[in-house]
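Here is a brief report on one protein chain.

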Amino acid sequence: MDSGISGIISCYNSEAFIANTLDSIFNQTTALSSLIIVDDCSSDATIDAVHRYVTARGLDADAVSVLPNRINLGISMSYNLGIMACRTRYAMLFSHDDISHPDRVKSTLNAFAEGAAIVCSYMDVPASGQKITLPEMPSLVALGLALGNVVPAPTVSLDVDIARQNKLYFNPQNDYAEDYDLWCQYILRGYSFHVVPEFLVAYTLHDQQASVTRQAHQKLVAERVRLQYLRSLFPFLQPEQSEVLVRILLYEKHMLGHISQSFNEAILNGMEKQSVAPGVQSVYGYVRQMLTSPVSAPVTVQ
């Protein structure tokens, strides 16, 4: 397998956006080894637009592979097909409508060189001025996922070997929150996110996004994923107890001294009895450290 990195785009009715996205991909300071575009039965001229772009830029036909689905398979299966077709060690996931910073490939390969299994970065939203960041400490990313999808999907890249060996693919049953589900599976299988603290992707807002057209369904699926993850992360607690614990650890550390001694001991004893993967063990290590640190506040609240 080639030690380089391939790009994967899942397209559906992307004609209006794809040229700008491709510009950002082919203007990288470090080039991709190849680009795989999976078209999920677009009803517009997405494929024609891609072919026109490749011709206009004089790109080598081997550098861009277009895989048209015969039937609409959805975003999960389309990305999975791209990962399966990948012939390089690493895969960078691109959204069909977002813009990558020129150093995205370079910065991501540097992270993989340090042994990362899965990489993400900061992301900005130019239309709203929003800046999406996340903590660099892996255990805090893992805890953050217990409250919602804190990892910006358009910034993620994967070690293909690890994905294939562990069957870490997107689950079509969780379409519209398929990314959130996969990030949780990585944590539960023992892997940690390597966060590149740079704004490497600019997110494009428009009214055709799933977060707009399928918002209600997306929220339902995401909540199901979140509760499953909470139960898997802290199986010895009720989901509502786990959520309170995570919120305190992430946002209200001053409340640690108000956790009752019995609840504190239940958490510590529960973690001690669990046989978990290294990624989860690092989370437990952080929780243990926070719960056993000296605090001055009285222990009063369960």
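Strand β2 is mostly covered, with 5 of its 6 residues buried (under 20% relative accessible area; exposed is over 50%, partly exposed in between; 1.4 Å probe, protein chains only). The model is predicted: local features need pLDDT of at least 70, side-chain atom pairs count only at pLDDT 80 or more, and totals for chains, interfaces and linings use all residues. Residues are numbered from 1 along each chain as its sequence is written, and side-chain values use heavy atoms, without hydrogens and water. Strands (E, at least two residues) and helices (H or I, at least four) are DSSP runs, numbered from the N terminus.

β2 pairs with β1 (residues 2–11) in the parallel sense, over 6 bridges. Pairing requires at least two DSSP bridges between two strands. Ile 8 stands opposite Ile 36 in β2. β2 also runs parallel to β3, joined by 5 bridges. There, Val 38 stands opposite Leu 67 in β3.

## Crossovers

β1, helix α1 (residues 18–26) and β2 form a right-handed β-α-β unit. From β2 the chain passes through helix α2 (residues 46–57) to β3, and this β-α-β crossover is right-handed. Right-handed means that, with the strands pointing away from the viewer, the path from the first strand over the helix to the second runs clockwise.

## The second largest pocket

How much space lies in the second largest pocket? About 190 Å³. A pocket is an open set of points on a 1 Å grid over the protein atoms alone, where a 1.4 Å probe fits, with protein on both sides within 12 Å along at least five of seven lines; lining residues have an atom within 4 Å of a point. Points are joined across faces, edges and corners, and the volume is the space filled by probe spheres set on them.

The lining includes Asp 2, Ser 33, Ser 34, Ile 36, Asp 62, Leu 67 and Arg 87. β2 (34–39) and β3 (64–68) are the elements that give two or more residues to this lining. By class, the lining has 3 nonpolar, 4 polar and 3 charged residues.

## Cysteines

How many disulfides does a search of the whole structure find? The search finds 0, taking a disulfide as a pair of cysteine sulfur atoms within 2.5 Å.

Cys 120 is buried, at 0% relative accessible area. Cys 184 is buried too, at 2%.

Notes
Ala, Val, Leu, Ile, Met, Phe, Trp, Tyr, Cys and Pro count as nonpolar, Asp, Glu, Lys and Arg as charged, and the others, Gly among them, as polar.
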